[in-house]
Amino acid sequence: MSASRAWLWAFAALCCLCSLIFAEEELKSIPLRTHSLQAPYLDSDMQSRWFDFGGDTIVRTDRYVRLTPELTSRTGWLFSRVPLTATNWEIEVEFKISGTGTLYGDGMAMWLTKQRAQTGPVFGFMDKFEGLGIFIDTYKNNRPGVVFPYIMAMVGDGKTVYDKENDGKSNELAGCSARGVRNQNFPTKLRLTYFQDKSLTLDLQYKSEDKWENCFKLGPEVKIPSVAYLGFSAETGELVDDHDIISVETKNLYAPTAGNSPSDTGKGRNWGTSHKAKKAGGTGGWGWLFIKFCAFGFFLVGLYAGFVAWRNYSSGRSRF
Ligand SMILES: [Ca+2]
């Protein structure tokens, strides 16, 4: 073997190792059955194993979970039975807001809160909640200059009151206008992605089919309670609309090498132990990257030592 060929082999090995290292950084996802819902929504006992319904919510097993019908003064909710405890997750929701009126309201909300399954004045759910609310507000009470329907995020601390008169203006963390989200003739969707202590992103699909558009991306300042129930609610007053949930698909996101194997997360009941185990593991993020780079360094040194040994051996042999 010539020296140039040896270097070629070394280079090939290097490429393999690099691709391995960077492939490991990719995120994997696991569906979370406990926080997903699709037709027919109910089992043979006319119950849902993982979700509760209440208020005026009705289920049509072949089509939707209807949080409110197109009738005045209705409120309905749908809430997970167990909390979502995954550290990083993605929730994709197909929903439908529709009606016959030229004036319509009031809208619907998605929740990740410590509280669950209550009726109240904030899009059908309780006020002074703790956790995240995403509001799809279809009726403008008082927000001059803002195009409605308007979608916004609020994090409640258990004390703050939702500013209903002004469509949550004083509570807003981020938001976007979503004209056309109502009465659309293809499935409308939202996708909420959360990386604990990193980001919260809301993407929407309502302008054209299969095209996602970003509504907002917030940084690490957004803290969602580590034990939060996933819920949906809606409300009508004098103005009305059908507010339907068609499907919910929740995924646990994890980096395979970061120590959060699927068994670590996702199961509501053992969240305490899994949380501790992950902290104790300490293999996530920069630390793990550092270890990998060290290993890579050792690999290079080994490769060089091997090459030197091989060169000495072959030059020694060529003397005889
Ligand atoms: Ca409103």
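Analyst: Happy to. Let's start with D106, which sits in the loop between β6 (88–98) and β7; helices (H or I, at least four residues) and strands (E, at least two) are DSSP runs, numbered from the N terminus. This is a predicted model, where local features need pLDDT of at least 70, side-chain atom pairs count only at pLDDT 80 or more, and totals for chains, interfaces and linings use all residues. Residues are numbered from 1 along each chain as its sequence is written.

User: Thanks! What kind of peptide bond joins G105 and D106?

Analyst: That peptide bond is cis, with omega about 0 degrees. Another cis bond runs from A39 to P40, with omega near 10 degrees. P40 is placed in the loop between β1 and β2.

User: Which loop is R49 in?

Analyst: R49 belongs to the loop between β1 (28–31) and β2 (51–55).

User: And is R49 buried or exposed?

Analyst: R49 counts as exposed because it has 10 C-beta neighbours inside 10 Å. The cut-offs are these: 20 or more other C-beta atoms within 10 Å of a residue's own make it buried, 12 or fewer make it exposed, and in between it is partly exposed, with C-beta atoms placed from the backbone.

User: Switching to sheets: what is the strand order in the open sheet of seven strands?

Analyst: The order is β2-β5-β14-β7-β8-β9-β10, and the pairing is antiparallel. Two strands pair if DSSP finds at least two bridges between them.

User: Which strands stand at the edges?

Analyst: Those are β2 and β10 (174–177); each has a single partner strand, so one side of each is left without a neighbour in the sheet. From one strand to the next, the twist averages 15 degrees, using axes that are lines fitted to C-alpha atoms (for helices, over the stretch in contact) and angles that run from 0 to 180 degrees between N-to-C directions.

User: How many bridges do β7 and β14 pair over?

Analyst: Seven bridges, in the antiparallel sense, with β7 covering residues 107–113. M110 stands opposite F232 in β14.

User: What does F232 touch?

Analyst: Leaving aside neighbours within four places in sequence, F232 contacts L67, W77, L78, M108, A109, M110, W111 and I245. A contact here is two residues whose C-beta atoms, placed from the backbone, lie within 7 Å.

User: Which residues touch the most other members of the largest nonpolar core?

Analyst: Of its 55 residues, they are L78, A109, I134, F232 and I245. Strand β9 (residues 150–157) gives the largest share of this core, six residues. A nonpolar core is a set of buried Ala, Val, Leu, Ile, Met, Phe, Trp, Tyr and Cys residues joined through C-beta atoms within 7 Å.

User: Last topic: which residues have a positive phi without being a glycine?

Analyst: F123, at about 50 degrees, and D197, at about 65 degrees, are among them. F123 lies in the loop between β7 and β8 (130–137) and is buried, with 29 other C-beta atoms within 10 Å. D197 is in the loop between β11 (188–195) and β12 (199–205) and counts as exposed, with 12 C-beta neighbours inside 10 Å.
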